[in-house]
Amino acid sequence: MLRIEHLTKSYGAKKAVDDLSLQINPGEICGFIGHNGAGKTTTIKCVCGILQFEEGEIYVSGHSVKKDPIACKRELAYIPDNPDLYEFLSGIKYLNFIADVFGIGEKERAERIHRYADLFELTSDLAQPISAYSHGMKQKLALISALIHNPKLIILDEPFVGLDPTASFKLKQTMREMCNEGAAIFFSTHVLEVAEKLCDKVAVIKRGRLIAFGTMEEIKGDESLESAFFELEEQNG
Amino acid sequence: MGSFRPVFYVTFRSLIATMFPRYRRSDPQSKRRVILYALLFAYVFITIVGGEAALFYSLAKSLGPAGYGWLYFALVGALVIALCIVGELFLTHAQLFAAKDNEQLLSLPVRPGVVLFARIASLLVLDYIFTLIVAAPAAVMWIAANSIGAAGAVFLVLAVIMLPLPAMGVSILIAWILSAVFSRLRGSNILKLLVYLLFFAAYFYVVSNLNEYIRTLISRGAEIAEAFRRGAFPLYHLGLAVTEGDAVSFFIFAVCALAPFVIMTALLSSRFLKIATTNRGARKVAYRQKRLKASGARTAFVKKELRLFFSIPAYILNGGLGALFSIVVAVLLVVRRDIVFQMFQTSPDALPFGAPTVAALMLCLFSALSLVSAASVSIEGNTLWIARSLPVSTYDILLAKVASHSLVCGVPTLIGAIICAVAFGSGIIGLLALIITPLALVVTMGFAGVVINLRHPRLDWVNPVQPVKQGAAVLISMLAGAALILVPGMLYVFLLHRIMDVDFMIFLTGVVYIGISILLAMHLKDKGARLYEGLGG
């Protein structure tokens, strides 16, 4: 579903991501962990076609992000770490805009919007302007907008920040359900306990380089993910 | 005082950031931009102060010897107060009643009163700049034409220090009322726009009639002096204090100047914490499930751009003012042609061509003022990721900006052109000149604005008014618009008037605009799209 091959992205002289390769298959949830500034967000933005990169290739459902970015974007959904949305629109108008862009039929969009809005308890606020939303409500709206086109690949940057415990629980459930239906999920997080419980695979990045990638068992063995993470960090000094 | 200084520094910096472009020392482009702005400001400053000096000199020469010296300084005082209120009313509203960083500042170990007074002090600094712009040339011109005693000079300096205070008191009162109204209304953007337009119209009206006022003042000095003495007695006493060195008069003026400021700041101080921390948002809108109308991706982007434009009053005013003028002036040209000519300080007899041609030229002039697209890339700010992560081609995203610009500015231009065409009638070439050329210029400005904004983006703004008002792209687009009018105009006046009729020249210019639009569209598809994709990374 997602294949990253030798991705390198620099900001001036500094390599933010350096020769990173990984693969995520349909039905898998992959956690992406690393310190602040390790290169997680840059990698994610490259995958989504938001940032251009110098070297390497990224494939989404077999489509190259460089050569056919629109085909890739049709397959994926992205939620950034800070959901800055169109504050001049109401929640429902924003979701309708996203549905228009993905060409979702009127019946389908209404059904999906209300299903997910009910799930995340946002229905009663849909007519409000987004400028009146709290951080958590914006995060929920961004989640709904990401789910309404049934993406095959969902990319989330720190998705649990700002969510209340109920929404957080429901998001985890939804993530698992979508993977059971064949989607793949790639998400960054600093909450290692969540990654440990939720993920099938883990990728650990440090100073732009992937220092570990594999199934959860391969990475952590008998230890906790937290202990394994610190060990990996130390080994790669 | 210890905590006042850092809070004042922060509030003043944020106030300045909303008014002037940001400057990065390491960025050579930024340095060039600062030089450009400095030259522009110097030009505007010299023009304003020069105009004022001439005006004050003629007043000082006529009012001084006639024994109405006090009226001269009363008028200066009235001008200072009016300028401070008009210049700072909306800033006062934004800083005292709608500041986004109030909660952040109040979380610091600082008394709420310190935050309030730091904000008022920041506003007063700007008020003093306005005051000096008027008072300095006024004082110099008075001294050049007449004389002033030592006590009068001292009172003049003290009056200059005090004059912004009543203006601030009045600004606080009006801003407080506006804040109460805006925060409770759903369609407050329309109301804000109307208030902006009201102030703008009043300013334009006063400026266009200034010469008339001066003539009236000089011819009916005694009558006006009497009205001032009765209706604006604090200003009468200000005049007496400066011209006659009268201490009692100064005392009366000082009490009257301080009173509104002290009363309003005391009232505001007692309620500031509540104002700063209460969320008085509009009433919650209940959601009712309705049919969700589907449209294509391109249409969705155009609709999004239009909604963004109509959500920011300053954007409507700055970007769409030309379009508004197109209809207003078209109607005036038909109904009251004399007013339009008075505005441009000319007369119908002074022009060598007929009304349809004048209408075409005016519509072109207003089309050149369409600046909607010039801020359309910058205004995306932090939300740039949305469009970039969606399955739409970059060219379509950029075309949506041109399309929304063309709709916002083109429809009023077309209405204006139709009104004029029906009212004046014209030959086929004249009709083409009247309709095609202004519309073609709107589209050209749409493409040019996006191209320029892609080269001069400003995405890291705090307040959306910043890219709309201070973006380099807006300034450059204005200059480009002027060039698009001036170059063919000069070509015709100096070269082509011998070989072609003015209507044909205007029509031909429209064809050239269409050609420029095609070239800009090609540029946008290739290089423009690459620039957009490279933004923010």
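Predicted model: local features only at pLDDT ≥ 70, side-chain atom pairs only at ≥ 80, totals over all residues.
Let's start with one pair of residues: Glu5(A) has Glu57(A), in β4(A), as its bridge partner. Strand β1 (residues 2-11) of chain A runs antiparallel to strand β4 (residues 55-60) of chain A, and five bridges join the two.

Zoom out and you get an open sheet of four strands in chain A, with antiparallel pairing and the order β2-β1-β4-β5. Which strands stand at the edges? They are β2 (14-24) and β5 (63-64) of chain A; each has a single partner strand, so one side of each has no neighbour in the sheet.

Helix α1 (residues 40-47) of chain A lies across β1, β2 and β4 of chain A, at about 120 degrees to β1(A).

Now for where the two chains meet. Chain A brings 32 residues to the contact and chain B brings 29 residues. On the chain A side, α2 (69-75), α3 (91-101) and α4 (106-119) each supply at least two residues. The top contributor to that side is α3(A), with five residues. Here's the side of chain A that touches chain B, split by class:

| Class | Residues of chain A |
|---|---|
| Nonpolar | 17 residues |
| Polar | eight residues |

How confident is the predictor? Chain A has an average pLDDT of 91, and 100% of the residues score at least 70. Among the elements of chain A, α3(A) has the highest mean pLDDT (96), while helix α9 (residues 225-235) has the lowest (83).

Conventions. Residues numbered from 1 in each chain as written. Chains lettered and ligands numbered in written order. Contact = placed C-beta atoms within 7 Å. Nonpolar A, V, L, I, M, F, W, Y, C, P; charged D, E, K, R; others polar. pLDDT = per-residue confidence, 0-100. Pairing = 2+ DSSP bridges. Axes fitted to C-alpha atoms, helices over the stretch in contact; angles between N-to-C directions.
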